Amino acid sequence: MNNAIDIERLHYRVGKAFEIKDLDLHIPTGSIYGFLGPNGSGKTTTIRLILGLLRPLSGRITVLGDPMPEQHARVLGRIGYVPEQPHLDGTLTVRELIDFQSAFYPRWDRTRADELVQRFELDGDQLFGRLSKGQKAKLMILLALAQCGDLLVLDEPTDGLDPVVRRDILSALLTYVSERRATIFISSHLVHELERVCDWVAVMDNGRLITEAPMEKLKHGTKRLIVTGAPGEISNAPFRVLIREATNGAGENWVVGDWEPGMTSFFDGLGATVRDVIDLDLEDGFVELLRSFRTKAGGRA
Amino acid sequence: MFHGIDARSPIPLYVQIAERVRLAIATGTLGSAAPLPSVRQLAAELRVNPATVMQAYRDLEAEGFVETRHGAGTFVRELAPGRRARERSQHAIGLVRKLLAEARRSGVSLPELQRALEAELGVKTT
């Protein structure tokens with residue numbers, strides 16, 4: 001089994017307002033996979049489909065080798081899931097919640113749980129309802145890690161947290177994956193945070209997948225070009241043209257995907273000149289991908 | 001040693017990490033037989049993917065700077081005499097190239113650059 005999660009031609013709809021269509025995702029075992037998209041793009045719905053909490057209209061979902069939602073009872077014991085909203089009973093203490101949770105998981109790692117209580121500076125006697133937002137997030141991560149799953153599914157785990165808490169949580173996750181060959185599927189709109197840790201990235205918008213690629217490929221294949229003298233229509237380009245627009249100064253501003261060094265020679269054949277090739281970081285690339293996708297979607301409608 | 005690793009840079013993170021270690025070895029910050037941080041430790045500290053750290057260590061090993069002893073960790077190797085000095089010259093060349101590229105981009109001329117260097121160092125270079 002090469003992939004921890006495989007999704008093929010997934011279709012899901014609720015009501016008329018929102019649908020997920022033609023979704024294909026492949027999450028390699030052992031990867032840290034970043035699932036990016038603006039709010040409302042379908043990230044949480046996709047996660048709920050992966051966990052077997054929702055039933056797709058059509059398509060195939062395989063998680064840790066088993067079909068979902070059919071085998072969810074078997075699979076869920078091997079998945080550490082941290083939902084976007086804290087879902088624990090506010091009237092229980094930290095210690096009670098840890099004991100409660102541990103009863104459901106045969107592989108529960110008591111040592112790790114104790115270690116993380118220390119590391120996260122949690123007070124075992126505190127009521128969950130009384131914890132700060134950051135402490136709640138830390139406890140949920142602790143519970144997901146101590147169950148020793150093969151797959152962690154984290155829905156915006158650091159959204160709205162201060163930088164110190166975000167740092168502690170990320171460090172704990174990375175320690176976990178360096179000790180065990182676990183897969184992490186992490187959704188976020190905090191692009192910079194994922195840029196450091198992920199080796200794969202998918203970008204969603206409006207229920208559709210825009211791209212799925214290894215992080216390095218996405219980062220290094222997306223460039224901004226300053227081009228002069230290019231004809232209005234081009235064909236057979238070895239790269240993808242995402243955006244093409246006039247600049248204030250001379251020439252045009254192009255954003256291209258699948259770019260490789262040496263591709264400037266393509267422009268020589270057109271009698272055009274590439275004035276500059278500018279690197280984009282993940283956030284710039286992400287924004288340009290969305291802009292291009294929305295322009296094209298708008299054009300079709 | 002790893003201060004200022006930049007995920008937004010077009011230079012891949014594993015290249016940046018390997019570069020820092022190479023420099024620390026070249027300048028003697030890391031002497032022979034000095035241990036490198038464990039993959040687990042460094043990944044958590046820098047908040048990067050453990051695979052990124054492993055890739056950096058593999059590259060350093062292939063270049064003969066470090067060796068990984070199974071179960072014990074990764075250590076700086078005994079280097080041939082002159083190799084540290086050679087690495088430092090390599091690094092110096094890299095710094096000068098970066099400076100020249102930056103000067104060209106911002107339209108600073110060579111004589112201007114030279115005057116600035118002389119003023120900074122307090123010596124004449126010609």
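Visitor: What distance separates the centres of domain 1 of chain B and domain 2 of chain B?
Guide: This is a predicted model, in which local features need pLDDT of at least 70 and side-chain atom pairs count only at pLDDT 80 or more, while totals for chains, interfaces and linings use all residues. Residues are numbered from 1 along each chain as its sequence is written, and chains are lettered from A and ligands numbered from 1 in the order in which they are written. Chain B is divided into domain 1 (13–76) and domain 2 (83–121), with bounds that come from an automatic or database domain assignment. Taken over C-alpha atoms, the separation of the two centres is 28 Å.

Visitor: How many residues of domain 2 of chain B are in contact with domain 1 of chain B?
Guide: Two residues are in contact if their C-beta atoms, placed from the backbone, lie within 7 Å. Domain 1 of chain B contributes 6 residues, and domain 2 of chain B contributes 4.

Visitor: Which element supplies the largest share of the side of domain 1 of chain A that touches domain 2 of chain A?
Guide: In chain A, domain 1 covers 3–215 and domain 2 covers 218–300. At least two residues of that side come from each of helix H7 (191–197), strand E9 (200–205) and strand E10 (208–214) of chain A; helices (H or I, at least four residues) and strands (E, at least two) are DSSP runs, numbered from the N terminus. The largest share, 4 residues, belongs to E10(A).

Visitor: Why is H5(A) described as roughly parallel to H6(A)?
Guide: Axes are lines fitted to C-alpha atoms, for helices over the stretch in contact, and angles run from 0 to 180 degrees between N-to-C directions. Helix H5 (residues 133–146) and helix H6 (residues 163–179) of chain A have axes 10 Å apart and pack at an angle of about 5 degrees. That angle makes H5(A) and H6(A) roughly parallel, because angles under 35 degrees count as roughly parallel.

Visitor: Which residues of H6(A) make the contact with H5(A)?
Guide: H5(A) takes part through Gly134(A), Ala137(A), Lys138(A), Ile141(A) and Leu145(A). The partners from H6(A) are Val165(A), Asp168(A), Ile169(A), Ala172(A) and Tyr176(A).

Visitor: Which helix gives the most to the side of chain B that touches chain A?
Guide: Between the chains, 13 residues of chain B are in contact with 18 residues of chain A. Two or more residues of the chain B side come from each of helix H2 (39–46) and helix H3 (50–62) of chain B. With 4 residues, the helix that gives the most is H2(B).

Notes
Parallel < 35°, antiparallel > 145°, perpendicular 65-115°, else oblique.
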